[in-house]
Amino acid sequence: MSGGTEPAFSGRRALPPNNSNGEEDKLPTMEIVGLLPKGVHLQDYLNVTDVHLFKESWDTNKVEHHTDRYDNEKLIVRRGQPFFVQIDFNRPYDPKRDFIRLEYVIGRYPQENKGTYIPVPIVSEFRSGKWGAKIILKENQSVRLSVQSSPKCIVGKFRMYVAIWTPYGIIRTDRNPATDTYILFNPWCEEDAVYLDNEKEREEYVLNDLGIIFHGNFDDMKTRSWNYGQFENGILDACLFVMDKAQMDLSGRGNPVKISRVASAMCRGRGRAALSSQSQRPVHSAKDLLQEVCRSLRNRNLPRSNVLWPLGAEFAINAKDDQGVVVGSWDNIYAYGVPPSSWTGSVDILLEYHSSGNPVQYGQCWVFAGVLNTFFRCLGIPARVVTNYFSAHDNNANLQMDIFLDEDGKINPKLTKDSVWNYHCWNEAWMTRPDLPVGFGGWQVVDSTPQENSDGMYRCGPASVQAVKHGHVCFQFDTPFVFAEVNSDLVYITVKKDTTHLVEAVDKTHIGKLIVTKEIGGDGKQDITDNYKFQEGKEEERLALETALMYGAKKPLDTEGIHQFKADIDMDFEVEKAVLGKDFKITITFRNSTPRRYTATAYLSGNIVFYTGVAKTEFKNQTFDVKVEPYSFTNEEVQIKAGEYMGKLLEQATLHFFVSSRINETSKVLAMQKSTVLHIPTVNLKVRGQKVVGSDMVVTVEFTNPLKETLYNIWIHLDGPGVIKPIRKMFRELPPNSTLTWEEVCRPWVPGSRKLMATLNCDALRHVYGELELQIQRRR
């Protein structure tokens, strides 16, 4: 079936692309074959008077299909699983002389061979994997059908018709938006590509609308809750709109591999300011001037605009059409938008994107991952957010993070192009991989912050986690890059004055130090590092590396054995717990395990860094001499003053320290680097009143300014899924040691375990966060 006739050319019939779920053409209510004899009226035959879809949240259709939590008046079902439809006629239905069928149509140019026009015949028994409708009840002038969809059908919003055959043609019901039906992926159906056989995992990875995203450092992990909000009003339509904006052909929307590939490009952000060392460019006065103008306008609280975009930011977009969901920015300038740390969930982002059609400002990796997780779970694809601590960005795919040092032990920024993210968030989506050998289905990495070009677009995945672990980098999509993110070596190389290179040390355990996700049924962490890599030094780990090298991964430097070299002098350092606005110290320890006395010249560099590992500015450098007596150790302390780093901080208050030392007697260079996240104040949340569905409750937000300066233009974002809709408020100023208080009245509508979340942002202070767990009781 086709919605229209197009001219033929070059021996082929061409139809326009069918890539929008939102566009449609009405099917004719009558299709007459030949001439209609005089006196014959098709209305005299069996006619439909009403259609019932049992689409209320308490009805069988939504309860059995696990779609009863969607705030949507339309019928929402999952593919491959029967649902009920009742049809009322103008007279009793007689199967011997009345012939009916259902029709499901999606898009503007429906075709049966593309799966966009689906005729559903009346059958006596269902056939596996096929559409069909079975009569289960005939009563008076009504017929109740059990309708089974194909477990491979397109996922989206279908238009429904009832067609009746007569000797002279077809009578079809009018276009009726009330009968529109959403069909989603079905993790409960064994024939579906996203089938997940564990009920607790389905509850967590499909039905849970609240999550935890991990950030900070691997030895000082930070968490923040995230409102995925996949069931909120308008979110399902917004997710379908994302695919429309990507101009994804409707015929491919039943394939989770294709959908995740498109979603990676559409939800992504790629900021020029701090994704890699290569992005660091000289700052020119024109740029400085524009940034100051943007900051000034923002501070005056002017309305948001989609016209002026700050330099150093790029769209989170499909590279072909510039229409993705979130704008990525890493330069700490957020004029005309919301700082990434202000978001508490995906709902506001997706609703704004659907409403305006323009990218929402601004996001970074955890924001993109949160939005993509909402997209997956909303459509029915099991998904989770994953955090990789010390994530490598391997620019030249050589499985090495090359840190080049000058002969005095300082990092050479011109030669050092690779970067190591303190942490990086991506998604895992659960699906079969029929395009790969057996055993490589299951969790697939889909990164919505892709850092390299993949098949002409910035996207990453789906890459099989099993393929990554076993070094099968030949398997699509983008497995080599993910393998490097978790398995690269950190290599320190001294560049001699004669331009020769000397490998000083290799750290094979730094990259991919810890990979975590939220535990099932709780807010704790689940360590999934073993899913991605074998333990260092094990035979399986060596085999995985050899497999990757065999399939084309490059490793130009022979570093074997270097990491086993034991120096006469060992060096380590510790960073004291650092609190925002306070002084702290770094203790550097040198240990001598020989009978010989050694001296060394040491150098410490402190940098303000983006969490992507790229330095913004150096705020501390200090050189000192060290003497270490035989069989002893010595400690050197370096004081870090608050005034040295305050005023230079970025979106996340991350400080990076690099310590190197040259042993004078042997010329051996020791090098080590560590990052620390400053401990920042929190927002306090309190409630009073009955914690009962439908009862008024007062939420109080409090924050005390711990700094020695006045804070200006302070934005607070309050969110509580099922408790309070997202809301923002601005406070003009807050003097030192003063407390701001904000109260809001809310009326919870979802029972069970819920959370209130609040973020606070201003130019001087970011990533301030607080949350409160609540137990909302049902109304008796």
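How many of the nine residues of helix 9 are buried? In this predicted model, the count is seven, and helix 9 (residues 479-487) is mostly covered. The buried set consists of Thr479, Phe481, Val482, Phe483, Ala484, Glu485 and Val486. Phenylalanine 477 sits in the loop between helix 8 (465-469) and helix 9.

The protein as a whole has 780 residues, and 56% of them are buried. Its secondary structure comprises 12 helices and 43 strands. Among contacts with a separation of 6 or more, 68% link residues 24 or more positions apart. The accessible surface amounts to about 32800 Å². Carbon and sulfur atoms contribute 49% of that surface.

Two helix pairs were examined next. Two packed helices are described by the angle between their axes and the distance between the axes. Helix 4 (residues 256-266) and helix 7 (residues 365-379) have axes that come within 10 Å. These axes cross at roughly 155°. Because angles over 145 degrees count as roughly antiparallel, helix 4 is roughly antiparallel to helix 7. The crossing of helix 4 and helix 7 is right-handed. Helix 4 contributes Ile259, Ser260 and Ala263 to the contact. Helix 7 contributes Leu372, Phe375, Phe376 and Leu379. By class, the contact of helix 4 with helix 7 holds six nonpolar residues, one polar residue and no charged residue.

The second pair is formed by helix 3 (residues 235-245) and helix 6 (residues 347-356). Their axes come within 9 Å and cross at roughly 55°. Helix 3 and helix 6 are therefore oblique to each other. The crossing of helix 3 with helix 6 is left-handed. On the helix 3 side, the contact residues are Ile235, Asp237, Ala238, Cys239, Phe241, Val242 and Lys245. On the helix 6 side, they are Val347, Leu350, Leu351, Tyr353 and His354. The contact of helix 3 with helix 6 divides into nine nonpolar, one polar and two charged residues.

Backbone geometry was considered next. Most residues other than glycine have a negative phi, and most peptide bonds are trans. A cis peptide bond joins glutamine 361 to tyrosine 362, with omega about 5°. Tyrosine 362 belongs to strand 18 (residues 360-363).

Positive phi values occur at glutamine 247 and at asparagine 737. Glutamine 247 is not a glycine, yet its phi is about 55°. Glutamine 247 is placed in the loop between helix 3 and helix 4. The relative accessible area of glutamine 247 is 52%. Glutamine 247 is exposed because this value passes the cut-off of over 50%. Asparagine 737 is likewise not a glycine, and its phi is about 65°. Asparagine 737 lies in the loop between strand 40 (724-734) and strand 41 (739-746). With a relative accessible area of 63%, asparagine 737 is exposed.

Valine 327 lies in strand 17 (residues 326-329). Its relative accessibility is 1%, so valine 327 counts as buried. Valine 327 and proline 340 are 13 residues apart in sequence. Their C-alpha atoms are 9.8 Å apart in space.

Glycine 694 occupies the loop between strand 37 (684-688) and strand 38 (697-704). Glycine 694 is partly exposed, at a relative accessible area of 31%. Leaving aside neighbours within four places in sequence, glycine 694 is in contact with Arg747, Pro748 and Arg779. Glycine 694 and cysteine 746 are 52 residues apart in sequence. The C-alpha to C-alpha distance between glycine 694 and cysteine 746 is 9.1 Å.

Terms used. Residues are numbered from 1 along each chain as its sequence is written. This is a predicted model: local features need pLDDT of at least 70, side-chain atom pairs count only at pLDDT 80 or more; totals for chains, interfaces and linings use all residues. Side-chain values use heavy atoms; hydrogens and water are left out. Helices (H or I, at least four residues) and strands (E, at least two) are DSSP runs, numbered from the N terminus. Buried means under 20% relative accessible area, exposed over 50%, partly exposed in between (1.4 Å probe, protein chains only). Contact means heavy atoms within 4.5 Å. Accessible areas come from the Shrake-Rupley method with a 1.4 Å probe; for residues, only the protein chains shown count as cover. Axes are lines fitted to C-alpha atoms, for helices over the stretch in contact, and angles run from 0 to 180 degrees between N-to-C directions. Angles under 35 degrees count as roughly parallel, over 145 as roughly antiparallel, 65 to 115 as roughly perpendicular and the rest as oblique. A crossing is left-handed if the near helix is turned anticlockwise from the far one by less than a right angle, and right-handed if clockwise. Ala, Val, Leu, Ile, Met, Phe, Trp, Tyr, Cys and Pro count as nonpolar, Asp, Glu, Lys and Arg as charged, and the others, Gly among them, as polar.
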